[in-house]
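Please keep the sequence and the 3D view at hand while reading the points below.

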Amino acid sequence: LSINAYETVALRGASGIGKTTIADLVSSLVKPTTGQLLIDGVALDAQSMLRWRRGMAYVTQDVYLFNNSIRYNLTWPTPNATDDEIWAALKLASMDDMVRCLPDQLETRLGDRGVRFSGGERQRTAIARALVTEPNVVLADEPTGNLDVNTASDVFDIMMSLNRRVGTALVLVTHDNELASKMDKRYHLENGSLIER
């Protein structure tokens, strides 16, 4: 599997076949039992692994949000983020106008697991949280799986625009053929092998 800077890559295959494991390998959350992860042709060691992880953002299907403010939910991975950085991330995730209309704006509490937000708003909040970290790579594991068709399309368009505007590489784990078809590269996982399509 080869992922270039600024590239969009889809990982497809049947449920349980290992797509998420591959995403975990790319993020170095899981160490390979054979082979190695190379960044610019250099194998990761303990020091470079920490730098690699800091440049990685993970957006999952099931978004976990704290019963705390929008600000806290966006900045717990990066507690020193400025208001300008938070608003810039919200703008990229198409959430800034909505948050500015809330009476308490960034101090608005989301409720347990973000219950005060819709599914699409929770997913956009997760994207904004990822962007506050200014990632080099965004891993998205079925990020539209729990959303209706229109909201899923909006969230996917936001993620694709990030690739174009911010220059992050995007790795998408998906079952959706239509979404996969819009990516630069498509890999299908079957029988323990990745097949590029």
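**Helix packing**

The helices α4 and α6 cross in a right-handed manner. The structure described here is a predicted model.

- Helix α4 spans residues 83–92, and helix α6 covers residues 119–132.
- The two helices, α4 and α6, pack with their axes 8 Å apart, at an angle of about 135°.
- Because of that angle, α4 counts as oblique to α6.

**The sheet**

- Six strands make up an open sheet with mixed pairing, in the order β4-β5-β6-β1-β7-β8.
- The edges are held by β4 and β8 (193–196); each has a single partner strand, so one side of each is left without a neighbour in the sheet.
- On average, and with direction ignored, neighbouring strands of this sheet are turned by 20° against each other.

- Strand β1 consists of residues 8–13, and six of its six residues are buried.
- In a regular strand, side chains alternate between the two faces of the sheet.
- In β1, Thr8, Ala10 and Arg12 point one way, while Val9, Leu11 and Gly13 point the other way; all of these residues are buried.
- Strand β1 runs parallel to β6 (residues 169–173), and four bridges join the two strands.
- Within this pairing, Leu172 of β6 stands opposite Ala10.
- Strand β1 also runs parallel to β7 (residues 185–190), to which five bridges join it.
- Tyr187 in β7 stands opposite Leu11, and His188 in β7 is the bridge partner of Arg12.

**Helix α1**

- Helix α1 comprises residues 19–26, and its buried residues are Lys19, Ile22, Ala23, Asp24 and Val26.

**Aromatic residues**

- The model contains three aromatic pairs, counted by ring centres that lie within 6.5 Å.
- One of them is formed by Tyr64 and Phe66, whose rings are 5.2 Å apart centre to centre, with 80° between the planes, in an edge-to-face arrangement.
- Tyr64 counts as partly exposed because its relative accessibility is 40%.
- Phe66 likewise counts as partly exposed, because its relative accessibility is 27%.
- Phe66 also pairs edge-to-face with Trp76, at 5.7 Å centre to centre and with 90° between the planes.
- This second pair links distant parts of the chain, ten residues apart: Phe66 lies in the loop between β4 (56–60) and α3 (70–75), whereas Trp76 lies in the loop between α3 and α4.
- Trp76 has a relative accessibility of 42% and therefore counts as partly exposed.
- Tyr64, Phe66, Tyr72 and Trp76 together form one aromatic cluster.

**A charge over a ring**

- The charged end of Arg100 sits over the ring of Trp87, at 3.9 Å from the centre of that ring.

Note on methods. Residues are numbered from 1 along each chain as its sequence is written. This is a predicted model: local features need pLDDT of at least 70, side-chain atom pairs count only at pLDDT 80 or more; totals for chains, interfaces and linings use all residues. Side-chain values use heavy atoms; hydrogens and water are left out. Buried means under 20% relative accessible area, exposed over 50%, partly exposed in between (1.4 Å probe, protein chains only). Two strands pair if DSSP finds at least two bridges between them. Rings of Phe, Tyr and Trp (its six-membered ring) pair if their centres lie within 6.5 Å; planes under 30 degrees apart count as stacked, over 60 as edge-to-face and the rest as tilted. A charge sits over a ring if NZ of Lys or CZ of Arg is within 6 Å of the ring centre and within 35 degrees of the ring normal. Axes are lines fitted to C-alpha atoms, for helices over the stretch in contact, and angles run from 0 to 180 degrees between N-to-C directions. Angles under 35 degrees count as roughly parallel, over 145 as roughly antiparallel, 65 to 115 as roughly perpendicular and the rest as oblique. A crossing is left-handed if the near helix is turned anticlockwise from the far one by less than a right angle, and right-handed if clockwise.
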